[in-house]
Amino acid sequence: MARVVMLIHEENGAFGASFPDFPGATTVADDIDAVINKAADMLAFHVGGMIEDGESVPELRTVRQVLDATDLEEERRDAIITLLDVDLPGKTVRVNITLDEGMLGRIDRAAAAIGESRSGFLVSAARSRLAGIAAAQG
């Protein structure tokens, strides 16, 4: 789990979130709670794309470092500054799992039907299940 500095701006009833350490990673919503909820998934997706593209993940700054950064004066103006706890993707790790042969066949056929790899399919399924659990826990 990483703690990432997030800036939230409100304009005409819409809320936008951005991340000084991840330029270009932004999301918007109609209320502040919704933008915070969307931000963690969007940032994880953004960082996953960076890793796939061979980019390095920057060292995360603290709130104090963001407050002291002269190049962020404009971005900080009228912003709510907060920390967002987010599971950022890291390097890929090979694992060995045990599955029923029939289930493995079903997974492979389903993955092929939608143009995904077995690993990609299983990761997507796990993300979906984890999101459901997190939503149920409030």
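Met42 sits in helix H1, residues 32-52 (helices are DSSP runs of H or I with at least four residues, strands are runs of E with at least two, both numbered from the N terminus). This is a predicted model, where local features need pLDDT of at least 70, side-chain atom pairs count only at pLDDT 80 or more, and totals for chains, interfaces and linings use all residues. Residues are numbered from 1 along each chain as its sequence is written, and side-chain values use heavy atoms, with hydrogens and water left out.

Me: Why is Met42 called buried?
Reply: Buried means under 20% relative accessible area, exposed over 50%, and partly exposed in between (1.4 Å probe, protein chains only). Met42 comes in at 18%, so it counts as buried.

Me: What does Met42 touch, not counting residues up to four places away in sequence?
Reply: Phe19, Ala25, Thr26 and Thr27, where contact means heavy atoms within 4.5 Å.

Me: And Thr27, is that buried or exposed?
Reply: Thr27, in strand S3 (residues 26-29), has a relative accessible area of 9%, so it's buried. Leaving aside neighbours within four places in sequence, its contacts include Val35, Lys38, Ala39 and Met42.

Me: What makes H4 roughly perpendicular to H5?
Reply: Helix H4 (residues 101-113) and helix H5 (residues 118-137) pack at about 100 degrees, with axes 9 Å apart. Angles of 65 to 115 degrees count as roughly perpendicular, under 35 as roughly parallel, over 145 as roughly antiparallel and the rest as oblique. That's why H4 is roughly perpendicular to H5.

Me: Which residues of H5 make the contact?
Reply: Arg118, Phe121 and Leu122 of H5, meeting Leu104, Ile107, Asp108, Ala110 and Ala111 of H4.

Definitions and conventions:
Axes fitted to C-alpha atoms, helices over the stretch in contact; angles between N-to-C directions.
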